[in-house]
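Colleague: Hi! Could you walk me through the inside of this one?
Modeller: Happy to, here it is.

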Amino acid sequence: MLEAAVAAVGVLGLAGAAQAGDASGELRYQAKRGPVTVTLHHAYLVTGPDAMGQPIRELVLSEQDLASAIAGCDGLGCVSGKLGSGATVDFDAGPRLNTWFVANDQLIQHSDTATPDTMSLQENSAQRLAGRWSQSDAEGAVGTVQFDAPLTKAFSKH
């Protein structure tokens, strides 16, 4: 009886756990000390207010699985602090997409904006972003990433 109760609690805990979506592709960046390549495997969609209080959707593309780290965050701003190698893309924050590339545990960082036409989306909703991001800006991160990002967590504060 006790074993069944423990198993049920474990299943319920997994059902509420944050889940990673899939990503594949690379982003490359010409850092001062040479080129850096980040190979992406995981995709997440998180929502909440940005630093200005405006509601946004943020696509998080990562080398490492961040599901448990995102589940432990209490605000949207926490998520980017957990990203060591990858990129974020903010939707709904204005006419352009705000992008942030990081590598080497955030020792390398580059913020930029991208035009919406760099995204080719098959799914574009509050619950899921799926498609392809092709970035060819010579000054920032370049590359192509396929992703399918389910809503991982909705935050009520930044």
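Colleague: Which residues touch the most other members in the largest nonpolar core?
Modeller: Of its 26 residues, those are Leu27, Leu59, Leu61, Phe101, Met119, Trp133 and Phe147. A nonpolar core is a set of buried Ala, Val, Leu, Ile, Met, Phe, Trp, Tyr and Cys residues joined through side-chain atoms within 4.5 Å; buried means under 20% relative accessible area, exposed over 50%, partly exposed in between (1.4 Å probe, protein chains only).
Modeller: This is a predicted model, where local features need pLDDT of at least 70, side-chain atom pairs count only at pLDDT 80 or more, and totals for chains, interfaces and linings use all residues. Residues are numbered from 1 along each chain as its sequence is written, and side-chain values use heavy atoms, leaving out hydrogens and water.

Colleague: And what does Leu61 contact?
Modeller: Beyond neighbours within four places in sequence, its contacts (heavy atoms within 4.5 Å) include Leu40, Trp133 and Phe147.

Colleague: Is Ser62 buried or exposed?
Modeller: Ser62 is buried, with a relative accessible area of 0%. Not counting residues up to four places away in sequence, Ser62 touches Tyr44 and Leu83, among others.

Colleague: New topic: how many aromatic pairs are there in the whole structure?
Modeller: The search finds one. Rings of Phe, Tyr and Trp (its six-membered ring) pair if their centres lie within 6.5 Å; planes under 30 degrees apart count as stacked, over 60 as edge-to-face and the rest as tilted.

Colleague: Why is the pair of Tyr29 and Phe101 called tilted?
Modeller: Because their planes are at 40 degrees, with the ring centres 5.6 Å apart. Both Tyr29 and Phe101 are buried.
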